[in-house]
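Me: I would like to go through some helices in this structure. Could we begin with how well one of them is covered?

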Amino acid sequence: MSVIERIQQEVASAIQALYGEGVLPSTVQVNTTRPEFEGEYTVVVFPYTRVARKKPEQIGEELGAHLLAHMPEVGGVQVIKGFLNLSLTDDFWCGFLQEVANLPEWGCGEAKSETVLIEFSSPNTNKPLHLGHVRNILLGWSASKILKASGYRVINTQIVNDRGIAICRSMLAWQEFANGATPDSEGVKGDHFVGRYYVEFASRFETEYLEWQSSAEGKKVCASQKKGDQSDADFFKSFKNAYFNSHSRLGAMARDMLIRWEAGDPAVRSLWEQMNSWVYEGFDKTYGRLGVSFDKLYYESETYLLGKELIDGGVSKGVLRKDGKRVWVDLEDAGLGVKTIIKSDGTSTYTSQDVGTAHQRYKDFKAERMIYVVADEQNNHFDVLFEILSRLGEPYADGLFHLSYGMVDLPGGRMKSREGNVVDADDLMDEVAAAARKEAESLGSLGDLPAQEKKEIWRQIGMAALKFFILKVNPRKRMTFDPEESVELQGQTGPYIQYAYVRMRGVVERGAQEGVNLADASAYQKLEPAEKALLKSLMDYPGVISTAAQEYDPSHVAAWCYQVARQYSKFWHDLSIFGAASPGAVAFRLLLSRETSRSLRHAMDLLGIEMPSQM
């Protein structure tokens, strides 16, 4: 039982004993004491004015006296208006440090029987992974690690969007304009190579569309279809998709390629397999650099026909409706309108595909929860999907969750894949590593280390800069990524936390070299505020992991890491370690440094961040 649970339990007992009314311990509000007041934990007493029929201050005094009498852990109380601040005893904190030191991994939850499946990344095979994918991947990977630390069985998966008209655009552009070039012949990573032709198609299509606008046909269509006082420019801007589907030569060729793909045309399938293999090889390299992996891959080419049987069953039950080949559902009562599931020509939609994929995943893993890490642009899609699965009576429907995240901008604005002005994930990783190298070289801190060791440390610092900068932000918030700001050694950055960790490890290693006996820590009895602050953060760590797991939000862990790094900096500056007044104090501060570094390393690992040996 945690100390917070002990406080809640004892406050509930006090309410019963003092005022004759029972309250659930879980309803007792216990917060962290604000830094300007004494104590570590604060009980909110306002809720008990009705049952006690007394002023909050008097209730606080009576509850405080009860806790002092019944909780050995409580060494002092302070009442501020409707708040009861509790100071725990030095004996309690010293015993807690010894408890942490004897546990292999402080903060992890007990093993649970529940399986959680997390889908993340899920890219298209027509372009390389970019900054937006990086946020997706880092959120999914970190959430999976946090859930594992909480005791869940976790399955990491993605669905690779390897079919459809967008894929055919890249294939057609390569077929028409590449002159047989390959990634090897061009010396280009496979996904970057294929991405060139996605951009090439968009460029060629733009040229074609502009020429058509000036043609007799384009002018005729504009004159006959534009509305009222709509300008020609506004008409052509809104008509672009219709042009692709009804007038474009390139559009017709891409659609024909998709039809031939669906018909199993050997030549088209061969080209599709070749170009996808180039992309997959590139993706694997990027995932390797990011340090992520998947337990199971699903491919849209294999899943887009799934779900039709489930949907037919929904029609039979009257949950879904059918007109000809079209299947639709009326979700007006849920505020989601009327949604098409199968198109009027009998082809699948993303909704029908996702219905089938969810069902297949449940068959594969019996996961009680499925988490979809997808940008907030798809909020409506997942609201609809989850509602449909619920109405179909799928057994896992209550465990579906959309981990919706905000888009990532650069200081210069939003990225657009088709225009080719995205920041590729690989280029981004190169950039932060270069920035880390520049920062390290300016400090001259790595001295005469071998070149390869320096390179590895620069990589670790750069990746920490990238990952922490993204994960410290609540997923739901839109964010701007600034590579230069991310590598700074001051402020809320990954390198700042790494620096604090390296300092901790340096202290611990020096203690070992000097033969300090950590068992002497048991003789230390009078704690300083900076020591208590670190111990309080260590005490909070299991709760931080639990909250992050419940909310699928790694920013809680990131905030904890930054808090600990700051607290250790204050501890370092306020207190002498090796010059402490007694052997017990030296040993205690070394033990505290060791356990803080151990938990900090664990927490940063939950963010997918490695800790360097030197900075």
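Reply: In this predicted model, helix α5 is mostly covered, with 18 of its 19 residues buried.

Me: What span should the 19 residues of α5 have, and what do the end C-alpha atoms give?
Reply: At 1.5 Å a residue, α5 (residues 131-149) should span 27 Å, and its end C-alpha atoms are 27 Å apart, so the two values agree.

Me: Which residue with positive phi follows α5?
Reply: That residue is Gly 151, with phi near 105°.

Me: Changing topic to α4: at what angle does it pack on α24?
Reply: Helix α4 (residues 90-101) and helix α24 (residues 583-606) pack at about 50°, and their axes are 10 Å apart. The angle therefore makes α4 oblique to α24. The crossing of α4 past α24 is left-handed.

Me: Which residues meet there?
Reply: From α4, Cys 94, Leu 97, Gln 98, Val 100 and Ala 101 take part; they meet Phe 588, Leu 591, Leu 592, Arg 594, Glu 595 and Arg 598 of α24. The contact residues comprise 7 nonpolar, 1 polar and 3 charged.

Me: And how do the axes of α4 and α22 cross?
Reply: The axes of α4 and helix α22 (residues 529-551) cross at roughly 55° and come within 11 Å. Because of that angle, α4 is oblique to α22. This crossing of α4 and α22 is left-handed.

Me: Which side chains of α4 and α22 are in residues that meet?
Reply: Asp 90, Phe 92, Trp 93, Phe 96 and Leu 97 in α4 meet α22 at Lys 532, Leu 535, Lys 536, Leu 538 and Met 539. By class, the contact of α4 with α22 holds 7 nonpolar, no polar and 3 charged residues.

Conventions. Residues are numbered from 1 along each chain as its sequence is written. This is a predicted model: local features need pLDDT of at least 70, side-chain atom pairs count only at pLDDT 80 or more; totals for chains, interfaces and linings use all residues. Side-chain values use heavy atoms; hydrogens and water are left out. Axes are lines fitted to C-alpha atoms, for helices over the stretch in contact, and angles run from 0 to 180 degrees between N-to-C directions. Helices (H or I, at least four residues) and strands (E, at least two) are DSSP runs, numbered from the N terminus. Angles under 35 degrees count as roughly parallel, over 145 as roughly antiparallel, 65 to 115 as roughly perpendicular and the rest as oblique. A crossing is left-handed if the near helix is turned anticlockwise from the far one by less than a right angle, and right-handed if clockwise. Contact means heavy atoms within 4.5 Å. Ala, Val, Leu, Ile, Met, Phe, Trp, Tyr, Cys and Pro count as nonpolar, Asp, Glu, Lys and Arg as charged, and the others, Gly among them, as polar. The expected span of a helix is 1.5 Å times one less than its number of residues. Buried means under 20% relative accessible area, exposed over 50%, partly exposed in between (1.4 Å probe, protein chains only).
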